[in-house]
Amino acid sequence: MSDLLERLRDRGWRLTAQRRVVAEVLDGDHVHYTADEVHARASERLPEIARATVYNTLSELVSIGEVIEVSTDGRAKRYDPNARHTHQHLVCSQCGTIRDVHPSGDPLANLPETERYGFTIADATITYRGTCPQCTSA
């Protein structure tokens with residue numbers, strides 16, 4: 001059983017067959033699928049699942065904080081089930097591959113007081129960009 005499924009059960013979220021298959025598709029490390037990729041994979045398990053159902057389920061999962069919506073450089077939004085563990089993203093600027101990374105240190109501490117302009121900072125999202133090994137060797 002995926003961590004996401006466990007979290008959804010703990011919340012008492014009604015797990016229909018469609019919701020279950022979407023959660024199962026999102027199971028795993030470094031999962032960052034687009035809605036269309038989620039739909040394609042879900043359709044392999046449950047052929048009758050509608051695209052609208054997948055989009056609605058993803059939207060619900062984001063709204064309840066169980067999935068993170070990741071947008072990078074104008075590409076399609078991707079969905080990250082690693083919503084419970086603080087992490088950042090490493091993105092290949094050529095193919096768009098996304099990996100979760102866990103840099104050491106507090107990213108908020110890296111912003112000097114003079115650059116905070118009086119803001120009370122609650123969160124920081126950092127995206128590291130580069131070229132993945134597959135694109136480098138191509």
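In the predicted model, the second largest pocket holds about 230 Å³ of space. Its lining is made up of 14 residues, and those nearest the centre of the pocket are Asp 3, Gly 28, Asp 29, Pro 81 and Asn 82. Helix 1, spanning residues 3-11, contributes the most to this lining, with three residues. Sorted by class, the lining of the second largest pocket comprises six charged, five polar and three nonpolar residues.

The largest pocket contains about 510 Å³ of space. A total of 27 residues line the largest pocket, with His 87, Gln 88, Ala 124, Thr 125 and Ile 126 nearest its centre. Two or more lining residues come from each of strand 2 (68-70), strand 4 (88-92) and strand 6 (127-130). Of the elements, strand 2 gives the most to the lining of the largest pocket, namely three residues. The class composition of this lining is 13 polar, 10 nonpolar and four charged residues.

The protein chain as a whole has five helices and six strands. Their order along the sequence is α-α-β-α-α-β-β-β-β-β-α. The C-alpha trace of the protein chain spans about 55 × 45 × 25 Å along its principal axes.

Two packed helices are described by the angle between their axes and the distance between the axes. For helix 2 (residues 17-25) and helix 3 (residues 35-45), the packing angle is about 120° and the axes are 9 Å apart. Helix 2 is therefore oblique to helix 3. The two helices, helix 2 and helix 3, form a right-handed crossing. On the helix 2 side the contact involves Val 21, Val 22, Glu 24 and Val 25, which meet Val 38, Arg 41, Ala 42 and Arg 45 of helix 3. The residues of this contact between helix 2 and helix 3 comprise five nonpolar and three charged, with no polar ones.

Helix 2 also packs against helix 4 (residues 51-63), at an angle of about 70° and with the axes 10 Å apart. Helix 2 and helix 4 are therefore roughly perpendicular to each other. The crossing of helix 2 and helix 4 is right-handed. Here Gln 18, Arg 19 and Val 22 of helix 2 meet Thr 53, Val 54, Thr 57, Leu 58, Glu 60 and Leu 61 of helix 4. By class, the residues of the contact of helix 2 with helix 4 are four nonpolar, three polar and two charged. Val 22 takes part in the contact with helix 3 and also in the contact with helix 4.

Between helix 3 and helix 4, the axes come within 9 Å and cross at roughly 120°. Helix 3 and helix 4 are therefore oblique to each other, and their crossing is right-handed. In this contact, Ala 35, Asp 36, Val 38 and His 39 of helix 3 meet Arg 51, Val 54, Tyr 55 and Leu 58 of helix 4. The contact of helix 3 with helix 4 divides into five nonpolar residues, one polar and two charged.

Methods:
Residues are numbered from 1 along each chain as its sequence is written. This is a predicted model: local features need pLDDT of at least 70, side-chain atom pairs count only at pLDDT 80 or more; totals for chains, interfaces and linings use all residues. Side-chain values use heavy atoms; hydrogens and water are left out. On a 1 Å grid over the protein atoms alone, a cavity is a set of points where a 1.4 Å probe fits but cannot get out, and a pocket is an open set with protein on both sides within 12 Å along at least five of seven lines; lining residues have an atom within 4 Å of a point. Grid points are joined across faces, edges and corners, and a volume is the space filled by probe spheres set on the points. Helices (H or I, at least four residues) and strands (E, at least two) are DSSP runs, numbered from the N terminus. Ala, Val, Leu, Ile, Met, Phe, Trp, Tyr, Cys and Pro count as nonpolar, Asp, Glu, Lys and Arg as charged, and the others, Gly among them, as polar. Axes are lines fitted to C-alpha atoms, for helices over the stretch in contact, and angles run from 0 to 180 degrees between N-to-C directions. Angles under 35 degrees count as roughly parallel, over 145 as roughly antiparallel, 65 to 115 as roughly perpendicular and the rest as oblique. A crossing is left-handed if the near helix is turned anticlockwise from the far one by less than a right angle, and right-handed if clockwise. Contact means heavy atoms within 4.5 Å.
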